[in-house]
Amino acid sequence: MSTITDPQLPDDTAVAQRDLRVCLPTWRGFDRHAFQSLRYESQDVLAELCDLDMLQLSAGPAFRLRESWHRRLAFRDATGLLAFANPGLVPRPISQDCDVFLATCQTLKELLFVNAVPNWRDRCRVSVCVIDELYAAEVAHSRNLLRLLREFDHVFTELSGSVDAISDVIGRPCHCVPPAVDAIRFSP
């Protein structure tokens, strides 16, 4: 437990803070591509900084075929219900309450993987989704899948040009958080 000073309170008042318990689903076990290395490295760094419960999601039977069809149909689904269906992953419920549920997605396709965690809304106080590549031009064609973002308390993207388009569709603020890397750590 550490002590911090709250800027809202008088200078002599200290507030005790416990380590945040963060739940983060990861698909590193079945979605292993070189372009995902930054994401998986950032998950490892986060594990060093807080009490991280990393949920290792895994593919169910015939996952690749099911996921491909599920994604195609979800984009065209007039009801919008397929956006909330599991695309063929083994369900992995959260076993204990958490402070933060953090979903980090490279693309909109990965947002569907969150559906493999059936009880995340009930077990986590705050939910955050970070989606890297969602271009403003794609937002209009992705309204069905973007409905899932309405379930999150906070939504972030790396693309400043997409913030307003996403906010308009989900009906809540979306914020831009550009990516960063520790260049000194990774320099030869």
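Predicted model: local features only at pLDDT ≥ 70, side-chain atom pairs only at ≥ 80, totals over all residues.
What does Phe101 touch, leaving aside its neighbours within four places in sequence? The contacts of Phe101 are Cys23, Pro25, Ile94, Val114, Val117, Trp120, Cys124, Val126, Ser127, Val128 and Phe152.

## Overall make-up

The chain contains 8 helices and 8 strands. Of its 188 residues, 41% count as buried. Among contacts with a separation of 6 or more, 71% are between residues 24 or more positions apart.

An open sheet is formed by 6 strands in the order β4-β3-β5-β6-β7-β8, with parallel pairing. β4 and β8 are the edge strands; each has a single partner strand, so one side of each has no neighbour in the sheet. From one strand to the next, the twist averages 25 degrees.

Val155 has Cys174 in β8 as its bridge partner. Helix α1 (residues 37-49) packs on the sheet and touches β3 (21-26), β4 and β5 (98-105). The direction of α1 makes about 140 degrees with that of β4.

## Cys129 in strand β6

Cys129 lies in strand β6 (residues 124-131). Is Cys129 buried or exposed? Its relative accessibility is 0%, so Cys129 counts as buried.

Beyond its neighbours within four places in sequence, Cys129 is in contact with Ala103, Cys105, Leu111, Leu149, Phe152, His154, Val155 and Phe156. His154 is 25 residues from Cys129 in sequence, and their C-alpha atoms are 6.4 Å apart in space.

## Helix α7

Helix α7 (residues 163-170) lies across β7 and β8 and runs at about 165 degrees to β8. The buried residues of α7 are Val163, Ile166, Ser167, Val169 and Ile170. They lie on the same side of α7 because the arc they cover around the axis is only 165 degrees. On the other side of the helix, Asp164 and Asp168 are exposed.

Which elements cover the buried residues of α7? The cover includes α5 (136-139), α6 (143-146), β7 (154-157) and β8 (174-176). Just after α7, Gly171 has a positive phi of about 75 degrees.

## Ala62

A positive phi also occurs at Ala62, a residue other than glycine, with a value near 55 degrees. Ala62 is placed in the loop between β4 (51-56) and α2 (63-76). Its relative accessibility is 51%; the cut-off for exposed is over 50%, so Ala62 counts as exposed.

Technical notes:
Residues numbered from 1 in each chain as written. Heavy atoms only, no water. Helix = DSSP H or I, 4+ residues; strand = E, 2+ residues; numbered from the N terminus. Buried < 20%, exposed > 50% of the residue type's maximum accessible area, 1.4 Å probe, protein only. Contact = heavy atoms within 4.5 Å. Arc of directions from axis to C-beta. Pairing = 2+ DSSP bridges. Axes fitted to C-alpha atoms, helices over the stretch in contact; angles between N-to-C directions.
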